[in-house]
Amino acid sequence: MKKNICFVSCLVPQGMQNELARDSFVVPLPPDPLLDAPVASHPDMIMSVVGEGIILPRSYYEANLNLFDGVTASGYQIILSDAPRCNAYPSDVGLNVAVGKNFVICKQESTAPEVINVAEADRLRIIPVKQGYAGCSCIVTDKAVLTSDIGIHRAVISRGIDSAYVEKDGISLPGYDVGFIGGCGGFYDDTLYLFGSLDSVKCGEDVRKFADTYGYRIRELSETKLTDYGGMKIL
């Protein structure tokens, strides 16, 4: 059976990559030299997956062509972004969006035009929020949003979308004080994948309740501290 493609940061420990490789073909992303070093290889900083389009910075794509060889074979189209990009906010968040079946959560004025264009072409609803790191802040499933940002939680609830808010205290993000729940994993095929153990954070029980509510499985990829590695993009 053909495996899915799963893009993760090259910083994800090999043991966790091996766990993911049981279900997917794992592609570790190298750093983008234009971004701050601690997050330079994070998928939620490097790429957006909107509908069947994968939006990438042109410079990053051209420097790493071999990483994306299997994308078009999976039915996705690569779209290159020429939006201004550097390590200073908000020029680092152009691709950091959270995407659902029929919506995109983003700080619209800071989002790369290519993302907005694809979303509008696919008739996806834009949900504007103040949080520039929307992708970092959410795990979006087929039924609801799990977020550590109260503004995003309120915005999606007000639009009739189920959402659960969880505290981010205790989430590790090396180089920063704290991480975001969206960077701690991802969702695919009724499964929440997590970079670490829910027992290591205050919000662990709330995440388990979220999974129970919607009938999802949880795959904790290690017994170590729950860590923000920029999430994962599973095709």
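Reply: Phe 187, Phe 210, Tyr 214 and Tyr 216 come together as one aromatic cluster. The structure as a whole holds eight aromatic pairs. A pair here means that the rings of Phe, Tyr or Trp (for Trp, the six-membered ring) have centres within 6.5 Å; planes under 30 degrees apart are called stacked, over 60 edge-to-face, and the rest tilted.

Before going on, keep in mind that this is a predicted model, with local features requiring pLDDT of at least 70 and side-chain atom pairs counting only at pLDDT 80 or more, while totals for chains, interfaces and linings use all residues. Numbering starts from 1 along each chain as its sequence is written, and side-chain values use heavy atoms, leaving out hydrogens and water.

Now the backbone. Most residues other than glycine have a negative phi, and most peptide bonds are trans. Against that background, Asp 190 has a positive phi of about 65 degrees without being a glycine. Asp 190 sits in the loop between β12 (185-188) and β13 (191-194); helices (H or I, at least four residues) and strands (E, at least two) are DSSP runs, numbered from the N terminus. Asp 190 counts as partly exposed because its relative accessibility is 35%, given that buried means under 20%, exposed over 50%, and partly exposed in between (1.4 Å probe, protein chains only).

Arg 123 also has a positive phi, near 60 degrees, and is not a glycine either. Its place is the loop between α4 (113-121) and β8 (125-128), and at 77% relative accessibility Arg 123 counts as exposed. Then there's a cis peptide bond: Tyr 89 to Pro 90, with omega near 5 degrees. Pro 90 belongs to the loop between β5 (77-81) and β6 (98-99).

On to the sheet. It's an open one of three strands in the order β9-β10-β11, with mixed pairing (strands pair if DSSP finds at least two bridges between them). β9 (138-140) and β11 (163-165) are the edge strands, each pairing on one side only. On average, neighbouring strands are turned by 15 degrees against each other, direction ignored. β9 pairs with β10 (residues 145-147) in the antiparallel sense over three bridges, and Val 140 stands opposite Val 145 in β10.

Finally, helix α6 (residues 150-157) lies across β9, β10 and β11, running at about 160 degrees to β11. Such angles go from 0 to 180 degrees between N-to-C directions, with axes fitted to C-alpha atoms, for helices over the stretch in contact, where contact means heavy atoms within 4.5 Å.
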